[in-house]
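Let's walk through some helix packing and ring pairing together. Have the model open beside you.

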Amino acid sequence: MVNVHCLNNIASCGLDLFTADYNTESSYEDANVVLVRSAKMHDLDLSNNLVAIARAGAGVNNIPLESCAEAGVVVFNTPGANANAVKEQVLATMLLASRDLIGGNKWVEDNKDDADIAKSTEKAKKAFAGREIAGKKLGVIGLGAIGQLVANAAISLGMEVYGYDPYLSVAAALNLSREVKHVIDVNEIYKECNYITVHVPALDSTKGMIGKEAFELMQDGTVIINCARDVLVDEDVIGDYLKSGRVKCYVTDFPNPKTANMEGALCFPHLGASSAEAEDNCAIMAVNEVRDFIENGNIKNSVNYPACNLGVCATESRVAVCHKNVPAVISKITSAMGGANVNIESMANASRGEYAYSLLDLDKQPDTSIITELASIDGVIKVRVVK
Ligand SMILES: NC(=O)C1=CN([C@@H]2O[C@H](COP(=O)(O)OP(=O)(O)OC[C@H]3O[C@@H](n4cnc5c(N)ncnc54)[C@H](O)[C@@H]3O)[C@@H](O)[C@H]2O)C=CC1
Ligand SMILES: O=C(O)C(=O)COP(=O)(O)O
């Protein structure tokens, strides 16, 4: 039985994909697999039973990736599975920041008992007039799963789109409209664009990336949309730029006591991925990744271990080894197998930074003594008999 613990609600259409070999009611302490959305895991212990964490979503800043790698816990996410939901939220907020639909709606609420509301509407409406987004310039920072969808949709809505992503993948580049102006200096976006939307992960290198220097380059009336993570924007200084009018509106999906009380900030309670479709897509992708890892040892879409795939095991046994990416580990693993007269029928190995992963298909079931021997090799982190 494989014990699964859900730290957040995970859509049932995903959980339903687990077979009777999985117990989805496990406690965190007993879990072999953890499914999570935004719950913070940095202060949680990683038990020896734990082999995988699947983030049903994109951002993994709530998970201690390095400690997990060190403990042989493979962390997965679900790239692109909630991107359309975020794209739609960005488009909606761009419109809300341009036309005062929220103010207008509030006016109707406040005047709902006025018998003459139909007449007073025509007088009141000028207070809520706005601007159109067509013809305006949108800067998209980060052209991954979400950024590319936002950029392409904005082109369709008649905007002039600038895109910036120094690490743009080939797949993302192929999906991007040719009409998107790809800039290599992000300052061009800060200087030129009326709307700026950010879609990069929260990393040490991206924290505070939209700060004083960026605000100083912007035009008056710039709209900034942050449906990525609060730490990307320097929220200690943005209030000053909202007051001066340099920034017209700061849309954030990550309210905190500062922004929730900030005039000119339009805050939402982390709704970007909260669509039924996104929740289903993420749950299905997460469970499929976990099942392939548990049942076959294959790794796809990990954020702390390399991709590695040997398909479905056709031999007597398969062993998976999480190890350090250092010399001689693989030769010691293969020698241990040879010494026990176990033949390696096929093998896959891949590395990612300091960590590596090996899958070995064997002609017979290895004794527990061989597994103990593998686990004691210097540099080996975790050994799992998959089959
Ligand atoms: N509000 C919400 O509910 C959601 C928020 N997010 C946030 O959005 C972020 C992006 O999500 P995806 O597009 O799915 O991820 P992704 O991994 O597909 O794209 C991120 C892109 O950022 C680029 N990038 C990294 N550093 C950069 C830098 N310094 N400057 C410019 N580009 C840089 C990468 O090359 C990559 O193309 C997530 O990491 C997460 O924090 C994601 C989903 C839902
Ligand atoms: O996927 C992401 O990065 C998100 O921010 C979505 O978070 P959630 O799954 O809605 O808690």
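Q: At what angle do helix α13 (residues 329-339) and helix α14 (residues 368-375) pack, and are they roughly parallel or roughly antiparallel?
A: In this predicted model, local features need pLDDT of at least 70, and side-chain atom pairs count only at pLDDT 80 or more. Residues are numbered from 1 along each chain, and side-chain values use heavy atoms. The axes of α13 and α14 are 10 Å apart, at an angle of about 160°. Angles over 145 degrees count as roughly antiparallel and those under 35 as roughly parallel, so α13 and α14 are roughly antiparallel.

Q: Which residues of α14 make the contact with α13?
A: Contact means heavy atoms within 4.5 Å. From α13 come Ile-333, Ala-336 and Met-337. Their partners on α14 are Ile-370, Glu-373 and Leu-374.

Q: Is the pair of Phe-18 and Tyr-22 stacked or tilted?
A: Rings of Phe, Tyr and Trp (its six-membered ring) pair if their centres lie within 6.5 Å; planes under 30 degrees apart count as stacked, over 60 as edge-to-face and the rest as tilted. For Phe-18 and Tyr-22, the centres are 4.7 Å apart and the planes 35° apart, making this pair tilted.

Q: How many residues apart in sequence are the parts that Phe-215 and Tyr-241 tie together?
A: Phe-215 and Tyr-241 form a stacked pair, with 4.9 Å centre to centre and 25° between the planes. Phe-215 lies in helix α9 (residues 212-217) and Tyr-241 in helix α10 (residues 238-244), so the parts tied together are apart in sequence by 26 residues.

Key:
Chains are lettered from A and ligands numbered from 1 in the order in which they are written. Axes are lines fitted to C-alpha atoms, for helices over the stretch in contact, and angles run from 0 to 180 degrees between N-to-C directions. Helices (H or I, at least four residues) and strands (E, at least two) are DSSP runs, numbered from the N terminus. Angles under 35 degrees count as roughly parallel, over 145 as roughly antiparallel, 65 to 115 as roughly perpendicular and the rest as oblique.
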